[in-house]
Amino acid sequence: MVVEWLQNLLILQERDLRCDGIQRQLDDIPYKIKREEANIIGLNEKLAGMESELKAMEVRRLDLEGEVELAEAGIVKYKTQQLEVKKNEEYTALEHEISTLQTRVSELEDSELLLMEEIDEKATDLEQAREKIKHECKTLETHIGRLKENHASFASELGEAHAAVKENEAALDPGILQQYHYVKSQVKRPPYVVELDGNRCAGCHLKVSGEVETQARRGKELIRCDSCGRILYYDR
């Protein structure tokens with residue numbers, strides 16, 4: 001059975017570790033929120049990219065329409081000129097130009113039809129993507145809301161945990177408390193107060209010296225592992 005000051009020290013360690021755990025969760029929440037916000041931005045950028053592609057296709061379709069109109073206007077012009085020429089070679093030359101433009105119109109119209117089919121498919125894909133992304137963004141926003149609620153809850157819980165630590169610290173001898181904080185600042189990871197397991201430290205698992213083992217078993221004073229520096233105790 002451990003003495004009272006050691007019991008208080010073990011309780012302090014437990015409360016300290018609880019504070020550390022809550023703090024880690026608090027610290028992690030802003031990163032999770034930023035990640036979800038980045039996901040929302042990414043989804044909206046994806047949607048904007050699809051919308052931009054569709055607009056570019058619409059612009060191309062209008063360009064094709066304009067090219068068709070210009071070619072058809074050229075055909076009308078050359079046919080009008082045919083009515084005015086008197087030489088066969090001039091008429092034939094104009095006929096060649098008209099034929100070339102008619103071929104061009106046919107090619108442009110074929111390209112426009114294919115492009116319109118692509119536009120219809122792209123518009124359908126865009127509408128489906130818009131609905132899907134809207135749903136995904138709503139889910140992410142809901143998650144962000146829960147994270148913010150958790151942050152507020154953890155902050156309140158951390159305040160209570162810190163108050164419990166302060167209360168426990170007040171019950172300890174200042175010298176013991178000072179040594180505990182020193183060990184906590186030096187040891188890389190918890191626990192800071194560990195049991196003597198046979199003749200080994202339960203923290204670093206190394207064998208302690210005979211003197212340290214004897215003093216730890218007596219349990220009358222604060223003893224530290226001569227390898228890792230953790231505070232040792234012996235539970236009879």
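**Strands, helices and cores**

Biologist: In E2, which residue is the bridge partner of Leu196?
Modeller: This is a predicted model. Two bridges join E1 (residues 193-197) to E2, and these strands run antiparallel. Asp197 has Arg200 as its bridge partner in E2. For Leu196, the partner in E2 is Cys201.

Biologist: Which residue takes a positive phi in the hairpin of E1 and E2?
Modeller: Two residues lie between the strands of this hairpin. The phi in question is near 70 degrees. The residue that takes it is Gly198.

Biologist: E1 has another partner. Do E1 and E4 run parallel or antiparallel?
Modeller: Val194 stands opposite Leu232 in E4. E4 spans 231-233. Three bridges join E1 to E4, and the two strands run parallel.

Biologist: In what order do the four strands form the open sheet?
Modeller: Strands of a sheet pair through backbone hydrogen bonds, either parallel or antiparallel. Here E1 runs antiparallel to E2, but parallel to E4. The pairing in the sheet is mixed. The order is E2-E1-E4-E3.

Biologist: Which strands stand at the edges, and why is one side of each left without a neighbour?
Modeller: Each edge strand has a single partner strand, so one side of each has no neighbour in the sheet. The residue ranges are 200-201 and 223-224. The edge strands are E2 and E3.

Biologist: At what angle do the axes of H1 and H3 cross?
Modeller: These axes come within 12 Å. The crossing is right-handed. H1 counts as oblique to H3. The angle is roughly 40 degrees.

Biologist: Which residues of H3 make the contact with H1?
Modeller: H1 brings Trp5, Leu9, Leu12, Gln13, Asp16 and Asp20. One of these, Leu12, is in contact with Leu177 and Tyr180, among others. From H3 come Ile176, Leu177, Tyr180 and Lys184.

Biologist: Which element gives the most to the largest nonpolar core?
Modeller: That core has 48 residues, with Leu9, Leu12, Leu172, Tyr180, Val193 and Ile231 making the most contacts inside it. H1, H2 (88-170), H3 (174-186) and E4 each give two or more residues. With 19 residues, the top contributor is H1.

Biologist: How many residues has the other core, which lies apart?
Modeller: Val194, Leu196, Val208 and Ile223 are among its members. Val194 also stands opposite Leu232 in the sheet. The residue count of this other core is nine.

Biologist: At what angle to E1 does H1 run?
Modeller: H1 covers residues 4-82. H1 lies across both E1 and E4. Its angle to E1 is about 120 degrees.

Biologist: Does Arg61 count as buried or exposed?
Modeller: Arg61 sits in H1. Beyond its neighbours within four places in sequence, Arg61 is in contact with Glu112, Leu115, Met116 and Ile119. Its relative accessibility is 18%, and the cut-off is under 20%. Therefore Arg61 counts as buried.

Biologist: How far apart in space are Arg61 and Ala216?
Modeller: In sequence, 155 residues separate Arg61 and Ala216. In space, C-alpha to C-alpha, Arg61 and Ala216 are apart by 87 Å.

Methods
Residues numbered from 1 in each chain as written. Predicted model: local features only at pLDDT ≥ 70, side-chain atom pairs only at ≥ 80, totals over all residues. Heavy atoms only, no water. Buried < 20%, exposed > 50% of the residue type's maximum accessible area, 1.4 Å probe, protein only. Contact = heavy atoms within 4.5 Å. Pairing = 2+ DSSP bridges. Axes fitted to C-alpha atoms, helices over the stretch in contact; angles between N-to-C directions. Core = buried A, V, L, I, M, F, W, Y, C linked by side-chain atoms within 4.5 Å. Parallel < 35°, antiparallel > 145°, perpendicular 65-115°, else oblique. Left-handed = near helix turned anticlockwise from the far one by under 90°.
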